[in-house]
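Dear colleague,

Please find below the structure that I am handing over to you. I would be grateful if you would look through it before reading the notes that come after it.

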Amino acid sequence: QVQVVESGGGSVQPGGSLRVSCAVSAGVFGIETMGWYAGAPGKQRELVAAITINGSTNYVDAVKGRFTISRDNARTMVWLQMNNLQPADSAVYYCYVVCRSPNGLKYDLWGQGTRVTVSS
């Protein structure tokens, strides 16, 4: 079963905006941190933004002031609002969900990714 699904990617001009969305299956329990990784060509996946179980947010320096991560109260949805996009932001954006099972062990879930292309 697919438990994490992203959407909302696309192509925009520099300076444009996109909002990518991640839907988490109701069958996923114990969600703690939710976040977004960017996988650009030739680069290892990089954590772009994250929101913790307590609602604290964290961003990579390159996107601070431009990107905003948010989630719903039920932790079934997480979004990344991307403003003033630049070509360097072009990447496949992956939803990342950290869960904790009843025995206390953490496990990770990954979406299939949604592509964001920024070009003129």
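The notes below describe a sheet, the cysteines and a group of aromatic residues.

Please keep in mind throughout that this is a predicted model.

To begin with the sheet: four strands form an open sheet, in the order β1-β3-β8-β7, and their pairing is antiparallel. Its edges are β1 (4-7) and β7 (67-71), each of which pairs on one side only. On average, neighbouring strands of the sheet are turned by 15° against each other, if direction is ignored. Within the sheet, β7 is joined to β8 (residues 77-82) by five bridges in the antiparallel sense.

Next, the cysteines. A search of the whole structure finds one disulfide. The bond joins C22 to C95, with an S to S distance of 2.0 Å. It links distant parts of the chain, since C22 lies in strand β3 (residues 18-24) and C95 in strand β9 (residues 91-100), 73 residues apart. The torsion about the S-S bond is about -85°, and the disulfide is therefore left-handed. Both of its cysteines, C22 and C95, are buried. A further cysteine, C99, takes part in no disulfide; the nearest cysteine sulfur, that of C95, is 10 Å away. C99 has a relative accessible area of 0%, so this residue is buried.

The aromatic residues deserve a separate look. There are three aromatic pairs in the model. In one of them, the rings of Y96 and W110 have centres 4.6 Å apart and planes at 50°, which means that the pair is tilted. This pair also links distant parts of the chain: Y96 belongs to strand β9 and W110 to strand β10 (residues 106-110), 14 residues apart. The two residues may be set side by side for accessibility as well. Y96 counts as buried because its relative accessibility is 13%, whereas W110, with a relative accessible area of 35%, is partly exposed. Ring pairs join Y37, Y96 and W110 into a cluster.

Finally, R45 deserves attention alongside these rings. Its charged end sits over the ring of W110, 4.9 Å from the ring centre. The charged end of R45 also sits over the ring of Y94, at 3.5 Å from the centre of that ring.

With kind regards

Methods:
Residues are numbered from 1 along each chain as its sequence is written. This is a predicted model: local features need pLDDT of at least 70, side-chain atom pairs count only at pLDDT 80 or more; totals for chains, interfaces and linings use all residues. Side-chain values use heavy atoms; hydrogens and water are left out. Two strands pair if DSSP finds at least two bridges between them. Helices (H or I, at least four residues) and strands (E, at least two) are DSSP runs, numbered from the N terminus. Axes are lines fitted to C-alpha atoms, for helices over the stretch in contact, and angles run from 0 to 180 degrees between N-to-C directions. A disulfide is a pair of cysteine sulfur atoms within 2.5 Å. Buried means under 20% relative accessible area, exposed over 50%, partly exposed in between (1.4 Å probe, protein chains only). Rings of Phe, Tyr and Trp (its six-membered ring) pair if their centres lie within 6.5 Å; planes under 30 degrees apart count as stacked, over 60 as edge-to-face and the rest as tilted. A charge sits over a ring if NZ of Lys or CZ of Arg is within 6 Å of the ring centre and within 35 degrees of the ring normal.
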